Amino acid sequence: MEIKAPQEASLSLSQMNEWQQGPQVLTYGAIIICRKGKAVLRVNYKEWKIYEGAVITVFPNDVVELRSDHCEAHCEPSLQSGGHCDGQSRPSFEVEILKYSASLLREASLQMEQTVYSSLREDRCRQDSPIVTNIINCMFALLKVYFNQADCTCIPQLVLCQLKSFFIGFHEYLQRNPEYRSDEVKSYRVRKLFNNFMMLMERDYKLSRDVNYYARLMNITPKYLTLIVRQVTGHTPKIIIDQYVVLQIKMQLQRTTQSIKEIAWEYHFSDASFFCRYYKKHTGVTPQQERE
C-alpha cells in the first residue's frame, strides 16, 4: 500500500490484509473509516477497537498492525456445539481509506500549530461519534467525485485542502468536547512524554538504539522513561526501539540495492558482523536471507 510518485493520494475500499502480516512501518499517512466488520488496530503499540463507523488517523512512520475479530464472532456457535473453526465463510472486514504521501502531510502541517498535529497523535480514533463519521462520509464523497475523473489533475491540491480542514476541525472538536477524550489521553504528561519519545525515535533510530540516549534528550532518567513507556504500551523502550529499527532495516533490505555493509554503516553499527548478529537475534534470519 505504499504510495509512489507521482501518485500522492488515493481513495479506495480495502480489507487491509497487508497490515495483518505483522507490524509495519508506514511510509504514508491515512484517514480510515470502517465500513463493515470489526478489528483491533495497533498503532504505536496502543490498541484501538475498530467497528462500523469508527474513524482513525495514522501518519508516516507509525507502527501499525491489524488483528481482525471476525473469526471469533463467526466461530463461537460452532465451538459451543463441539465444532471447530474452519476459517470459511467469515464476515468480511472492510474499510474505506484515504492515503496520502508524507510530502502532502508536510505541506498540510506547515500552516498548522504543532498542538493540532500532537492532539491527533494522542487521540486519533473516534469509535462512537456520529459527527466525525458524518464529516468523513461527506469528505470522502466529495473526493470520490474527483478521483473518479481520470483526467483530473488537481487531486493532490484537493486532498491537501481536505486534510487541513479535517485536522483543524478535529482538533477544535476535541477542544470543545473534552469529555470525549479517552481517560488515557487526559493523563497529559504521560501521553506528551510518550509521544515525544516516539517522535525522537522516528528521527534518530539510525543514530542510536540506546534508551539512555533518548532519556537524555528528554531530560528524564532512563528509569522514568521506562515507566512511561510501560504505562502506555506494556513494553520497555528497548523492545520498542529494537522492533522499530528492525522493521526499518527490513524495508531497506527489501526495497533498496544497498550492500549489507552500507546499511550497517548507515545505522551506526561498529561492523557488518555485529549488524548481522543483531538482525538475526531479532528476526531469526540473517540480512542476506531476508533479502533473498
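**Close-up views of a predicted model**

**View 1. Who lines the largest cavity?** Sorted by class, the lining of the largest cavity holds 3 nonpolar, 2 polar and 4 charged residues. Here Ala, Val, Leu, Ile, Met, Phe, Trp, Tyr, Cys and Pro count as nonpolar, Asp, Glu, Lys and Arg as charged, and the others, Gly among them, as polar. The model is predicted, with local features needing pLDDT of at least 70 and side-chain atom pairs counting only at pLDDT 80 or more, while totals for chains, interfaces and linings use all residues. Residues are numbered from 1 along each chain as its sequence is written, and side-chain values use heavy atoms, with hydrogens and water left out.

The residues lining the largest cavity are V43, N44, K46, W48, R121, R124, R191, F194 and N195. Strand 5 and helix 7 (188-204) are the elements giving two or more residues to this lining, and helix 7 gives the most, with 3 residues. Helices (H or I, at least four residues) and strands (E, at least two) are DSSP runs numbered from the N terminus. The volume of the largest cavity is about 70 Å³, and the count of cavities of 30 Å³ or more comes to 3. On a 1 Å grid over the protein atoms alone, a cavity is a set of points where a 1.4 Å probe fits but cannot get out, whereas a pocket is an open set with protein on both sides within 12 Å along at least five of seven lines; lining residues have an atom within 4 Å of a point. Grid points are joined across faces, edges and corners, and a volume is the space filled by probe spheres set on the points.

**View 2. Now for the largest pocket.** This one has about 520 Å³ of space and 26 lining residues, with P23, Q24, V25, L247 and K250 lying nearest its centre. Strand 2, helix 10 (237-255) and helix 12 (272-283) each supply at least two lining residues, and helix 10 gives the most, with 9 residues. By class, the pocket lining has 12 nonpolar, 8 polar and 6 charged residues.

View 3. Strand 2 pairs with strand 7 (residues 63-68) over 2 bridges, and Q24 has V64 as its bridge partner in strand 7. Two strands pair if DSSP finds at least two bridges between them.

View 4. Strand 3 (residues 28-36) and strand 6 (residues 55-58) run antiparallel and are joined by 4 bridges; I31 is partnered by T57 of strand 6.

View 5. C34 is buried at 2% relative accessible area, while C154 is partly exposed at 31% (buried means under 20% relative accessible area, exposed over 50%, partly exposed in between, with a 1.4 Å probe and protein chains only).
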